[in-house]
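Visitor: I would like a close look at a single part of this structure, followed by an account of what surrounds it. Please keep it plain.

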Amino acid sequence: MKQVRKGFPKDFLWGGAVAANQCEGAWKEAGKGMSTADIHPYLPNLNRKELDFNHLDSETFYRFKDNEEYYYPNHKGVEFYHRYKEYFALLHEMGFTCFRMSIAWTRIFPNGDEKEPNVEGLKHYHEVFQELKKYGIEPIVTMSHYEMPLHLVEKYNGWSSRELVDLFVKYCEVLLKEYKDEVTYWIVINQINLIQYECFGSLGILKDKTENYLQAQYQGIHHQFVASAKVVELARTINPNFKMGTMLADCIINPFTCHPKDVELAMRRNRMQYFFGDVQILGEYPQFAIQYFNENNIHLDIQATDLELIKKHTVDFLCVSYYYSRCVSHEKNGMDAADTVDNPYLKANEWGWAINPQGLYCTMSQYWDRYHIPMMIGENGFGYVDVLEEDHSVHDDYRIDYLGKHIRALQMAIEDGADIFAYCSWAPFDIISAGTAEISKRYGYIYVDYDDYGKGSGALYKKDSFYWYKKVIETNGESLSDVFL
């Protein structure tokens, strides 16, 4: 008989997460090439129905490629490339024991298809990892986080081309060998399932360059599956102690009502989200996915050795990002993952994200029931327009309430049996939004004094949540005892 669990494991990792393209800046320094993120300008009056930046065509691509008419916030970021020591000192003060970050592919191979890596880029990340080691902070490193060389979009139409497999594996092999003594935890591809939300950033496919855009997306995903399997295979030979993971953005859906058709639609939608984990964790294409492809005129080019590779080289852990929950109605929605309806029982933030801590408990419990491999939270956070007071304080009780309830939900999943080893909130300090290219949608425990046009002192100020999270870490989550869902 197993014993009742209580609280978080003693060796639980507490930290936060960022992406290189949202914080580093220094976009053309030290040999860095242009990435898919570098052409995303700040457009304050953007009508997202008229311009979907995540599904670009060639005309829009070249309109925004290095156009001086626009301001590109991530070109400056929050100057993490030059100021990482300042940021890490504050994370250490909070007590961080892990830090999820990404390496910019374009700092290592600026165009993506060079013969040799950029030495300056390699040196920079060595310095970053050494600084983390000084503070005893475990790096959890994402190899591809919406940071694809722009050259590969123009030459190959991104991951729709199989040539991306070998180019990506070459890049990853350099990382694995270069940092084999500095990094243990690797996430191969960030949020691999977000093709209907973040297609361009993740896959680099221009929709007018393919006859069947949906097929091109899934073909790109298949190429990523193959590349990931090859990377895992390499990792096993380079350092047997590596822990190799995949990452899913939680897109698990609830039925809008108990109408049988709502329930069925939610189930079908959820299976096509589990599909991404099934391939990389269970090692095979599920039959329901094959049926879906057939029904939607999707014909994938799968080579004979692909499925064997995928079967043999599955990942060690699952990383999940969770922000809010979604519903579907058979009367209003279809199978597109971005097509949802609002839940009338939940409150939403300014960007329409419905806050639902119980959803995190359900999600992590269901992933555990399905896969039974170690898991971590790679992103979880609350974006809000914070107010910097005259005394440089920020009173963000709303963030404390959100995070406290979600961490408590995670604890419940652990007590129910889920093997969860880390929690990384998004983000520990304010960074540039991937979706809207603004900094005013702030997530951090640390206020970074820049506005949406990069103006400001750049000073770093501790929010109320800074001190709150410090206590959470100090007590290994015991300070959450008064948090109720």
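Visitor: Is Tyr146 buried or exposed?

Guide: This is a predicted model, and every value below is computed from it. Tyr146 has a relative accessible area of 8%, and because the cut-off for buried is under 20%, Tyr146 counts as buried. The residue sits in the loop that runs between strand E3 (138-144) and helix H6 (150-156). Its backbone is also worth a look: phi of Tyr146 is near 50 degrees, a positive value in a residue other than glycine.

A positive phi also turns up at Asn476, which is not a glycine either and has a value of about 50 degrees. Asn476 belongs to the segment after helix H15 (464-474). Another backbone feature is the cis peptide bond between Trp426 and Ala427, with omega at about -15 degrees. Ala427 is in the loop between E10 and strand E11 (446-448), while E10 itself spans residues 420-426.

Now the setting as a whole. The chain contains 15 helices and 12 strands. Its radius of gyration is 21 Å, close to the 23 Å that the globule rule gives for 485 residues, so the chain is as compact as a globular protein of that length. Along the principal axes, the C-alpha atoms fill a box of roughly 60 × 55 × 50 Å. Buried residues make up 61% of the 485 in the chain. Of the contacts in the chain with a separation of 6 or more, 78% are between residues 24 or more positions apart.

Strand E1 (residues 13-17) gives a detailed case of burial, with 5 of its 5 residues buried. In a regular strand, side chains alternate between the two faces of the sheet. In E1 both faces are covered: Leu13, Gly15 and Ala17 are buried on one side, and Trp14 and Gly16 are buried on the other. E1 has parallel pairing with strand E10 (residues 420-426), over 5 bridges. Within that pairing, Leu13 stands opposite Ala422. E1 also runs parallel to strand E2 (residues 98-102), to which 3 bridges join it. Here the bridge partner of Ala17 is Arg100 in E2.

E5 is largely enclosed by the rest of the structure, because 6 of its 7 residues are buried. Strand E4 (residues 185-189) pairs with E5 in the parallel sense over 3 bridges, and strand E7 (residues 317-321) pairs with E5, also in the parallel sense, over 5 bridges. Gly245 of E5 takes part in both pairings: Gly245 is the bridge partner of Ile187, and Gly245 stands opposite Phe317 in E7.

Next, the empty space inside. Rolling a probe the size of a water molecule over the atoms shows where such space is left. The structure holds 7 cavities of 30 Å³ or more. The largest cavity has a volume of about 210 Å³. Its lining is made of 17 residues, and those nearest its centre are Asn21, Thr36, Ala37, His40 and Ala434. Helix H1 (20-23) and helix H8 (199-203) each supply at least two residues of that lining. By class, the lining of the largest cavity divides into 8 nonpolar, 8 polar and 1 charged.

The second largest cavity has a volume of about 70 Å³. Among the residues that line it are Asn193, Tyr218, Arg269, Phe276 and Ala337. Helix H10 (residues 260-282) contributes the largest share of this lining, 4 residues. The classes here are 7 nonpolar, 3 polar and 1 charged.

One more loop is left to describe. Val387 is found between strand E9 (375-379) and helix H14 (397-415). Leaving aside residues up to four places away in sequence, Val387 touches Ser393 and Val394.

To return to the residue you asked about: Tyr146 is in the loop between E3 and H6, has a positive phi near 50 degrees, and is buried at 8% relative accessible area.

Key:
Residues numbered from 1 in each chain as written. Predicted model: local features only at pLDDT ≥ 70, side-chain atom pairs only at ≥ 80, totals over all residues. Heavy atoms only, no water. 1 Å grid on protein atoms, 1.4 Å probe; cavity = no way out; pocket = protein on both sides within 12 Å on 5 of 7 lines; lining within 4 Å. Points joined across faces, edges and corners; volume = space filled by probe spheres on them. Nonpolar A, V, L, I, M, F, W, Y, C, P; charged D, E, K, R; others polar. Buried < 20%, exposed > 50% of the residue type's maximum accessible area, 1.4 Å probe, protein only. Pairing = 2+ DSSP bridges. Rg over C-alpha atoms; globule rule 2.2 N^0.38 Å. Contact = heavy atoms within 4.5 Å.
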